[in-house]
Amino acid sequence: MSLVSLVFLAFAMSTDAFAAAIGKGSSLHKPRLTEALRTGLIFGVIEAITPLVGWLIGQAASRFVVEWDHWVAFTLLLLLGLHMIHVGLQPDSEGEEKPSRHSFWLLAVTAFATSIDALAVGFSLAFVEVNIFVAALAIGLATTLMVTIGTMLGRVLGAVIGKRAEILGGVVLILVGSTILYEHLAGA
């Protein structure tokens, strides 16, 4: 696999995480760069680990992963998106402010949901001339960068559209999950 192909693969794998990060950033109260980097690192580490796991999965197990990965990603993103929409539709409480950061576990679940497709990619990389560790590092770094940018972009959107940003973030997560599901079913 050429360096150019590897870079394209790394950024392609980070696009759904980027979209989710916009939603996460918009639901925070003025996230700082440190929070955006924290979010980026959580997503990046998980996105780097999943192709390694996929690469290690054997031939028999890979069929199961490929058959169900899109449903797992869709379900997790749908539930997270519906939760964000629900929160966005709730009336503002007096004095209630947006959080300044998301919990580690919420970010980790979202990152996992957006990186399930990396399991299948990792498996397919086992049959290509590529160093899996370099590929995983490239995917992790690209995701860290894209999620950090997405979180900061979400900050701008959140300031512009206010409480509706939570609803928009939920819709984005549902669209990302639906796209993953559609692409898999259309390719089947």
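Asn-131 is found in the loop between H6 and helix H7 (132-161). Helices here are DSSP runs (H or I, at least four residues), numbered from the N terminus. The model is predicted: local features need pLDDT of at least 70, side-chain atom pairs count only at pLDDT 80 or more, and totals for chains, interfaces and linings use all residues. Residues are numbered from 1 along each chain as its sequence is written, and side-chain values use heavy atoms, with hydrogens and water left out.

**Exercise 1.** Classify the exposure of Asn-131.

*Solution.* 
- Step 1: take the cut-offs. Buried means under 20% relative accessible area, exposed over 50%, partly exposed in between (1.4 Å probe, protein chains only).
- Step 2: take the value. Asn-131 has 42% relative accessibility, so Asn-131 is partly exposed.
- Step 3: look at the side chain. It reaches the backbone nitrogen of Phe-133 at 2.9 Å.

**Exercise 2.** Locate Glu-47 and decide whether Glu-47 is buried or exposed.

*Solution.* 
- Step 1: find the element. Glu-47 sits in helix H3 (residues 33-56).
- Step 2: apply the cut-offs. The relative accessible area of Glu-47 is 0%, so Glu-47 is buried.
- Step 3: list contacts (heavy atoms within 4.5 Å). Beyond its neighbours within four places in sequence, Glu-47 touches Met-13, Thr-114, Ser-115, Ala-118, Ile-139 and Thr-143.

**Exercise 3.** Which helix gives the most to the lining of the second largest pocket?

*Solution.* 
- Step 1: list the helices. H1 (3-13), H2 (15-26), H4 (59-89), H6 (117-125) and H8 (164-187) each supply at least two lining residues.
- Step 2: pick the top one. H8 gives the most, with five residues.

Notes: Polar contact = N/O pair within 3.5 Å; in protein donor to acceptor, adjacent residues only side chain to side chain.
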